[in-house]
Amino acid sequence: LFFNFFVGLALLGFFHVNNKNHPFWRSSAELLMSPAPCHATTNVMFLKTHKTASSTILNILFRFTERYNLTVALPADQLFHLGYPERFVTNFVENFQTKGQNYNIMCNHLRFNPLEVHKVMPENTFYFSILRNPIALLESSYIYYKNVAPAFSSSKNVNEYLASPMKYYHKEDYMRNIYAKNNMWFDFGYDNNAEDNENYIQEVLKEIEQNFHLILIADYFDESMVLLKHTLCWDLDDVIYFKLNSRSNDTVQTLSPESKERIKTWCSLDWKLYLHFNQSFWRRIEENIGLEELEKEVNHLRMRQKELMETCLLGQEAVAKTRIKDKALLPFQSGAADILGYNLRPDLSNGTLENCQKMVMPELQYTSYLYSLQHPHKKRKPLAFPVPWRSSKE
């Protein structure tokens, strides 16, 4: 009885400490916590792949950084990516020469180069990334990078492009066309124009498994957040999110059945990458959580998300770029996409307002903000952040 009493007091103190860390979010009676005692992983490297819901994960990691007073390996100077599409080297990180391995989080876009990344991050860093079904990915990339990739800009629509991709895709211009073929393969540091050779593919898959502790699947994003929460010993509010960098449905082009099949061949490296890690993802779920428990936790996550949307958002939904009232919350717009954003409720108290702003903060603005905190004597990146943040830092 005495043992149970003192254990109860210890747990009560544990939850109390966590409540202090989340004074705004703890409006729910209960939040899911890890069932067994463990310590939150705070050294994390996230390979931010393109058009895979990775901007939402970056926001999660930036908010986690602030909660635990951590440091981020941020892009140097006026850049918002870590040298992409060049293969990563350490001088793409601001102040790396003086800070060495003092960074906790690394999550801005880069092309993976393990030897160089390991120089920046501590030895006990947790490495993870995310993949998306290449069929949906290529259509999204086509719209978003329409004005960037020559293979896209010279074709009328995605179905025309896929009907004869080699008519538009020229290997000599491949660095500008990286979004047009096997882009995830490229982000992991490999040749996106490599031949589809089974021995080569198996070798790459084995390397990725050695370099990364976990690969999430964007098509099952809520399930991915539950798995991430369990794996890193985080709590529910650490992985709660509002969907960022999504586009309006009227910019989605419908793929023909033929186009969907052609993507599997045209982007065969990405397709096999996705199939492999989709299997390992669900195997990891079954081994560590179980499908029944997963369903419960996904429902908890969605309930919590709904609760925070009611607290934070005017209209409780994302809106088109022309309807975003605070231009400091306007996401970067690209290609033919209409990237959605959010309007916050006007009646929020200062503390609640700042926390809600962080939930909806676009990638570039949040990067700019953290850069100003970590490197106050450096020239700021060319993007403003909301007034309450700006006034408190000036």
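Visitor: The link of C38 and C233: right-handed or left-handed?
Guide: Right-handed, with 85° about the S-S bond.

Visitor: And what does the pair tie together?
Guide: Parts that are 195 residues apart in sequence, because C38 lies in the loop between α1 (2-21) and β1 (44-47), and C233 in the loop between α10 (221-232) and α11 (236-239). Helices (H or I, at least four residues) and strands (E, at least two) are DSSP runs, numbered from the N terminus.

Visitor: Where do these values come from?
Guide: This is a predicted model, where local features need pLDDT of at least 70, side-chain atom pairs count only at pLDDT 80 or more, and totals for chains, interfaces and linings use all residues. Residues are numbered from 1 along each chain as its sequence is written, and side-chain values use heavy atoms, with hydrogens and water left out.

Visitor: How many disulfides are there?
Guide: The count is 2. A disulfide here is a pair of cysteine sulfur atoms within 2.5 Å. In C38 and C233 the sulfur atoms are 1.7 Å apart.

Visitor: What accessibility does C312 have?
Guide: 0%, so C312 counts as buried. C356 is buried too, with a relative accessible area of 0%.

Visitor: What's the pairing order?
Guide: With the bonded cysteines numbered in sequence order, the pairing is 1-2, 3-4.

Visitor: New topic. How many residues are in the largest nonpolar core?
Guide: 114. Those with the most contacts inside it are M106, F128, Y161, L216 and M225. Helix α13 (residues 268-288) gives the largest share, 7 residues. Such a core is a set of buried Ala, Val, Leu, Ile, Met, Phe, Trp, Tyr and Cys residues joined through side-chain atoms within 4.5 Å.

Visitor: What is M225 in contact with?
Guide: Contact means heavy atoms within 4.5 Å. Leaving aside neighbours within four places in sequence, M225 is in contact with I57, I60, L216, V239, Y241 and L301.

Visitor: How many residues of α10 are buried?
Guide: 10 of the 12, so α10 is largely enclosed by the rest of the structure. Among them are F221, M225 and L232.

Visitor: How far does α10 reach?
Guide: 16 Å from its first C-alpha to its last, close to the 16 Å expected at 1.5 Å a residue. The expected span is 1.5 Å times one less than the number of residues. C233 follows α10, and the phi of C233 is positive, near 60°.

Visitor: Last one. Where is P75?
Guide: In the loop between α2 (54-67) and α3 (96-99). P75 is buried, at 0% relative accessible area. Beyond its neighbours within four places in sequence, the contacts of P75 include F80, N108, Y371 and K381. P75 and N95 are 20 residues apart in sequence and 9.5 Å apart in space, C-alpha to C-alpha.

Note on methods. Buried means under 20% relative accessible area, exposed over 50%, partly exposed in between (1.4 Å probe, protein chains only).
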